[in-house]
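Colleague: I'd like to learn how to read a model like this one. Can you take me through some features, one by one?

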Amino acid sequence: MKNSFILLFTSIIFASCTQTEEKQFVAIDNIIPKTIALSEEQQKNWQYKDIIDDTIPGISLDKAYTEIIKDKKGAPIIIAVIDTKLDINHEDISKHIWINPKEIPDNNIDDDNNGYIDDMNGWNFLGNKKGEDVFYSNFESMRIIRKYDSVFSDKKPDQIPTELSEAYALYKKAQHLREKELKKGLQNQKYGDFLVNTYPESLATLQKIYPKQDYTLNELDSLYTVYKKDTVVSKLIYYMVNYKKYNLTQKRIHNYKKSFDAVMSKSLRYEHNERTLIGDDPENINDIKYGNPKVWNDDIPFQHAIGVAGAIAADRHNDKGINGILDHVKIMSLCVASSGGDEHDKDIALAIRYAADNGAKIINMSFGKPLSLNRSWVDDAIVYAESKDVLIVCSAGNDNIEINLENTHYPNDYSKTGEEISNNLIKVGASTYSLDKTLKAYFSNYSKKHIDLFAPGYKVYSTSHGNIYRPINGTSLSAPIVSGVAALIRSYHPDLSAFEVKDILMKSGVSYDIDVEIIQEDGSEKLVPFSKLSKSGKIVNAYNALLMAEQVANSK
């Protein structure tokens, strides 16, 4: 990182005294924008750095451990990860998997009478009693069209009775969205074909120059300059730069292609209905006798949950891979997301209730969809979790759109007219390590009304399936970082309520007075103050949050 980077700090917001020393909350309100170039080593844990000490806009976790919680012992805490199946045997999280203390494994008895048999580590809502799993689900647009096609397909707006106007509007939205999803699906298929065809060509070309295939990114950049006039070779070198940068191996490329094809043939196919395999009634929220206890599966194409879980709970003391945010945590795995398509509202609602009833104090949901067929089920579950003092943390989505009542991202905590339905849900956008117009990750959704705060979500190293580690982009990583900070607060200050923890996270974040770039749908750019992208206008900060939590706890 360049030493010429300059920061201008404003005065301290307010101070909080601990028993041993005075520590302070700091706002960063005036910054000379500068793109930060991180070394490869710095990129592996940039999200934990401190803006003052390291000149990196992370969450100040390292500072929090050094100055606040180094010699303290936190209480154990359970975090439910509602997501895909989870690699529970990964070397960096296996010791942090929740084990149901009231259940006897593999005896085919519901020992704790919670409605789920042999649920040792959580529950898989995408399986059946035979142990079969759904790999690809329909998109929500497809479910809505399937439900209402026979009612609305030949109707014009003036033929719709008042009591069905809301359903008709949802149906028309679903039709419009399905057209976009089909277009994107075809584009992805073409991209998959491109990867499958060009990767071996690039590999073969470079093998002639580097027989051992031991080239670095810098060497590829230099090689590209040498062969720049040779359009064929230079293109293949350029492609390999991107393959290497994003860790696209032949196996991963094959899986991408397979997944893209499956989305077209299953998720977007009218005739495909995954609930046939599961065997439940998807229109009956009281039909809960489905699923199975196997929350892991090595064969699923989309291994998403492991990256989420690692960001929270990767072992901090095993000298392997990465460090999560805290160690005294157990991850409860609840499977509702497949490798393609959208999550069912019924599965989401039941998973939230399962987590609330079985000891989770925080729920992380790193998924979302633009339409919801049965949103009232999820809304009721969120309110139920609030009654159980459970904090829910959700990703804001990766569509680079401003969230509003027309373009929304489910699940959320507001009604159809915009009023909040609960005080226990946090929606999180993604930030980067650059203190310039790219501080907002290019993909992150944003909203002054409907997104609460931001957290690192760009090139965040985390766990990946099969004991490997890689950088991941997405609000899917921002949410678990906030979940981890919330867990620190609830672990060291267990008397604080879910609402108090949310309030602390919102108020204690760090503000940045920077105009950030928003790429609009027509490709044009506009600059918006970072403070206008969320309710708090801030990036979560573990150091500040723990100081404020102590202050709030001591005042009670």
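**Reading helices, strands and cysteines**

Modeller: Let's start with helix α11, which is mostly covered: 11 of its 13 residues are buried. Buried means under 20% relative accessible area, exposed means over 50%, and partly exposed is in between (1.4 Å probe, protein chains only). Helices (H or I, at least four residues) and strands (E, at least two) are DSSP runs, numbered from the N terminus. Bear in mind that this is a predicted model, where local features need pLDDT of at least 70 and side-chain atom pairs count only at pLDDT 80 or more, while totals for chains, interfaces and linings use all residues. Residues are numbered from 1 along each chain as its sequence is written, and side-chain values use heavy atoms, with hydrogens and water left out.

Colleague: Which residues of α11 are buried?

Modeller: Among them are Asp345, Lys346 and Asp347, along with Ile348, Leu350 and Tyr354. Just past the end of α11, Gly359 has a positive phi of about 100 degrees.

Colleague: What span should α11 have, at 1.5 Å a residue?

Modeller: The expected span of a helix is 1.5 Å times one less than its number of residues. For the 13 residues of α11 (residues 345-357) that gives 18 Å, and the end C-alpha atoms are 18 Å apart, which agrees.

Colleague: And strands? Which way do the side chains of β9 point?

Modeller: In a regular strand the side chains alternate between the two faces of the sheet. In β9, Leu391, Val393 and Ser395 point one way, Ile392 and Cys394 the other way, and all are buried. With 5 of its 5 residues buried, β9 (residues 391-395) is therefore largely enclosed by the rest of the structure.

Colleague: Which strands pair with β9?

Modeller: Two strands pair if DSSP finds at least two bridges between them. Strand β8 (residues 362-365) runs parallel to β9, joined by 4 bridges, and Ile362 stands opposite Leu391. Strand β10 (residues 425-431) also pairs with β9 in the parallel sense, over 4 bridges, with Lys427 opposite Cys394.

Colleague: How many disulfides does the structure hold?

Modeller: A disulfide is a pair of cysteine sulfur atoms within 2.5 Å, and the structure holds 0.
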